[in-house]
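This report covers one structure, taken part by part. The sequence and the model come first.

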Amino acid sequence: MHDGRKPELALDEPWRNPQATPYISIRNVTKRFGDFVAVNDVSLNVYRQELFCLLGGSGCGKSTLLRMLAGFEEPSSGQIFIDGQDMAGIPPYSRPVNMMFQSYALFPHMSVQDNVAFGLKQDRTPLKEIRERVAAMLDLVKLSPFAKRKPHQLSGGQRQRVALARSLVKEPKLLLLDEPLGALDRKLRESTQFELMNLQDKLGVTFIVVTHDQEEAMTLASRIGVMNQGHIVQVGTPSEIYEFPVNRFVADFIGTVNMFAGRIVDEDSNYVRIAAEADGCTFFIDHGVSASPNAQLWVALRPEKINIGREAPADTRENCVQGVIDGIAYMGDVSVFNVKLASGRMVKVTRPNLIRREEDTLTWDDEVWLHWHPASGVVLTS
Amino acid sequence: MSRRVHRSLWVWLGAGLAFLYIPIVSLVIFSFNSSKLVTVWAGFSTRWYGSLFHNDQILDAAGLSVRIGFISAALAVVLGTMVAVALARFGAFGGRALLSALSTAPLVMPEVITGLSLLLLFVAMEQAIGWPAGRSAMTIIIAHTTFSMAYVAVVVQSRLAGMDPSIEEAALDLGARPGKVFFVITLPLISPALVSGFLLAFTLSLDDLVISSFVSGPGATTLPMVIYSKVRLGLSPEINALATLMVAIVGAGVVIAGILMNRAEKARIRDEQMALAGDDLPAANPVSQA
């Protein structure tokens with residue numbers, strides 16, 4: 001299986017280098033449909049050979065942004081540059097961009113190889129070259145035995161690979177993928193995810209992927225742009241997005257999180273103490289926070305970053321809370337505990353199942369202590 | 001609950017079928033009547049079929065009807081498809097609602113009104129610009145195209161609406177210009193609707209009596225007009241024979257269409273099973289080598 005390595009070029013992280021030239025540059029793009037603002041003043045740079053994921057719920061504007069890149073929609077205002085070229089007024093058939101559609105949009109009356117050859121035929125590529133490139137591409141996506149079949153004679157996974165081959169065969173500068181794995185079952189999705197990353201590695205094409213599936217985004221992306229209501233809320237690597245969300249929306253959208261509302265009671269340049277009075281616990285965070293002293297704050301705590309046990313921690317004044325186990329979900333690799341605090345709220349805690357059969361296992365109605373490291377909580381001001 | 005069908009239901013079924021088909025059956029039977037009197041049975045004979053094929057008036061009218069049907073159906077398919085594409089694909093252009101309402105108006109317009117208005121138009125045009133010169137097969141074709149293109153537009157538009165628009169977008173995205181997308185992608189995909197639109201327009205034209213009567217001129221007599229005028233002078237066994245032939249042709253068409261559809265359905269099921277089996281094939285489940 002895949003070794004989990006991210007694509008080569010992503011390693012130098014061009015987005016951290018202010019001198020690097022972005023490959024795709026979206027500048028203050030807004031798209032209105034009547035009164036509805038689908039994309040609201042979005043600016044975004046994507047670099048060569050990145051695999052960038054636009055992540056958001058339905059109706060957040062991610063698909064509209066993708067369609068503007070492909071040329072199916074024109075921005076109401078703002079500009080889009082691809083490889084330094086302004087895309088304003090350039091129709092989809094003249095753009096150095098190809099798209100893989102969510103529905104795959106295969107031509108039902110053409111065989112697999114005619115589908116893949118279609119784009120090359122439009123460019124009047126010599127027939128011999130078309131034949132070679134189509135054969136090579138079908139080989140790459142392991143569909144050579146099915147070249148003569150029609151789309152309706154293929155399974156979902158095969159159709160998905162025809163769509164991918166068709167959009168890749170023209171060697172576009174930029175490949176747009178709209179929910180590429182949405183229609184596949186879980187197993188096929190996982191293997192295809194890694195397949196996509198391999199292809200991207202091999203061909204060096206820049207990918208922009210639209211998805212609502214945060215797991216898909218986390219696995220695939222060099223960087224993720226989280227969108228909400230037409231805005232890009234946060235752009236960052238998967239670990240940045242997960243570990244350092246900028247606000248409650250991102251924290252809540254990516255993964256599971258326990259959110260505690262509180263106020264600063266004590267602060268310095270290198271620590272802050274936040275009291276979550278409603279839940280009867282105090283957070284000690286090992287870094288300073290820039291916030292006005294009495295403002296409402298939130299501390300986001302991921303379930304896997306909380307320790308759970310019967311024994312009280314050494315220091316019970318802060319970064320811990322007591323509760324009763326209200327529910328356990330056994331997931332195989334981990335168990336999820338729903339712990340009810342004295343305040344009545346539920347806290348989710350996950351714990352890896354390290355041992356096959358544990359003596360003295362935690363069970364329903366056990367009184368437990370939850371405690372966490374000072375670096376585990378993320379302080380959010382909005 | 002009993003799975004047995006109650007006896008009275010069989011009676012009702014028989015009554016229903018009789019109501020529908022007794023007129024046609026009696027027509028077929030009496031076409032083989034040797035008597036000149038349509039209502040008196042005088043023994044089996046095929047003489048009326050023989051005399052039918054020597055009746056130039058009927059044969060000419062049948063030929064004209066088929067010609068008019070073909071030409072007007074072809075024109076209706078072209079024009080109706082253009083209307084359908086405009087309505088289904090051009091978004092919210094100015095006058096869209098008007099086009100939508102007007103192009104389908106002939107569906108609900110009484111034929112007498114359509115026929116009368118076309119006649120008045122042709123007369124006025126002849127006086128104003130000298131064309132069309134008199135009423136002829138040409139005016140019938142124009143009239144039939146006018147009302148049958150509305151049917152084509154409805155059929156094609158619903159097919160276009162049911163088509164995944166991203167198929168056309170994918171073709172654009174792969175570098176095909178809009179005109180090419182229409183001819184290489186859209187047209188083949190809506191071809192079943194074009195065929196059924198053509199057949200519908202052809203049938204409507206072949207069947208039309210009212211509008212044809214208004215706009216036809218001397219020498220342009222269609223088959224329905226001949227039948228109608230003959231029947232007014234008294235029933236003729238020849239007409240029975242003609243009608244029987246038409247029933248036979250339509251019946252054969254329905255049977256052939258049924259066989260073809262059945263075959264297509266079987267092929268579809270086979271393809272589906274082939275597709276389902278696809279995921280089990282080793283080539284269908286790629287595992288990266290890295």
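## Y242 of chain A

In this predicted model, the contacts of Y242(A) beyond its neighbours within four places in sequence are M218(A), I254(A), G255(A), R302(A), E304(A) and K305(A). Y242(A) itself belongs to helix α7 of chain A, which covers residues 238–243. One of the contact partners, M218(A), is 24 residues away from Y242(A) in sequence, and the two C-alpha atoms are 8.8 Å apart.

## The two domains of chain A

Chain A is split into domain 1, made of residues 7–96 + 172–251, and domain 2, made of residues 256–380. The centres of these two domains of chain A, taken over C-alpha atoms, are separated by 34 Å. At the contact between them, domain 1 of chain A contributes 8 residues and domain 2 of chain A contributes 9.

About 770 Å² is buried between domain 1 and domain 2 of chain A, and 55% of that area is on carbon and sulfur atoms. On the domain 1 side, Y242(A), R248(A) and A251(A) supply 69% of the area buried against domain 2 of chain A, more than any other three residues.

## Helices α4 and α5 of chain A

Helix α4 (residues 156–168) and helix α5 (residues 186–203) of chain A cross at roughly 15°, and their axes come within 12 Å. An angle under 35 degrees counts as roughly parallel, so α4(A) and α5(A) are roughly parallel to each other. Their crossing is right-handed.

From α4(A), the residues in this contact are G157(A), Q160(A), L164(A) and L168(A); they meet L188(A), T192(A), L196(A), L199(A) and L203(A) in α5(A). By class, the contact of α4(A) with α5(A) has 6 nonpolar and 3 polar residues, with no charged ones.

## Helix α3 of chain B and its partners

Helix α3 (residues 56–89) of chain B packs with helix α8 (residues 178–207) of chain B at an angle of about 140°, the axes being 8 Å apart. This angle makes α3(B) oblique to α8(B). The crossing of α3(B) and α8(B) is right-handed. Residues of α3(B) in the contact include S65(B), F70(B), V77(B) and V85(B), and those of α8(B) include F182(B), L194(B), F202(B) and L206(B). In the contact of α3(B) with α8(B), 15 residues are nonpolar, 6 are polar and no residue is charged.

Helix α10 (residues 223–232) of chain B also packs with α3(B), at an angle of about 145° and with the axes 7 Å apart. Here Q57(B), I58(B), A61(B), A62(B) and S65(B) in α3(B) meet L223(B), P224(B), V226(B) and K230(B) in α10(B). The contact of α3(B) with α10(B) has 6 nonpolar, 2 polar and 1 charged residues. S65(B) is named on the α3(B) side of both contacts, with α8(B) and with α10(B).

## Backbone details in two loops

Which peptide bond is cis, with omega near -5°? That bond runs from W131(B) to P132(B). P132(B) is placed in the loop between α5 (111–129) and α6 (137–161) of chain B.

In chain A, R124(A) has phi near 55°, a positive value in a residue other than glycine. R124(A) is in the loop between α2 (112–122) and α3 (127–140) of chain A.

Terms used:
Residues are numbered from 1 along each chain as its sequence is written. Chains are lettered from A and ligands numbered from 1 in the order in which they are written. This is a predicted model: local features need pLDDT of at least 70, side-chain atom pairs count only at pLDDT 80 or more; totals for chains, interfaces and linings use all residues. Side-chain values use heavy atoms; hydrogens and water are left out. Axes are lines fitted to C-alpha atoms, for helices over the stretch in contact, and angles run from 0 to 180 degrees between N-to-C directions. Helices (H or I, at least four residues) and strands (E, at least two) are DSSP runs, numbered from the N terminus. Angles under 35 degrees count as roughly parallel, over 145 as roughly antiparallel, 65 to 115 as roughly perpendicular and the rest as oblique. A crossing is left-handed if the near helix is turned anticlockwise from the far one by less than a right angle, and right-handed if clockwise. Contact means heavy atoms within 4.5 Å. Ala, Val, Leu, Ile, Met, Phe, Trp, Tyr, Cys and Pro count as nonpolar, Asp, Glu, Lys and Arg as charged, and the others, Gly among them, as polar. Domain bounds come from an automatic or database domain assignment. Buried area is the accessible area (1.4 Å probe) that two parts lose on being put together, summed over both.
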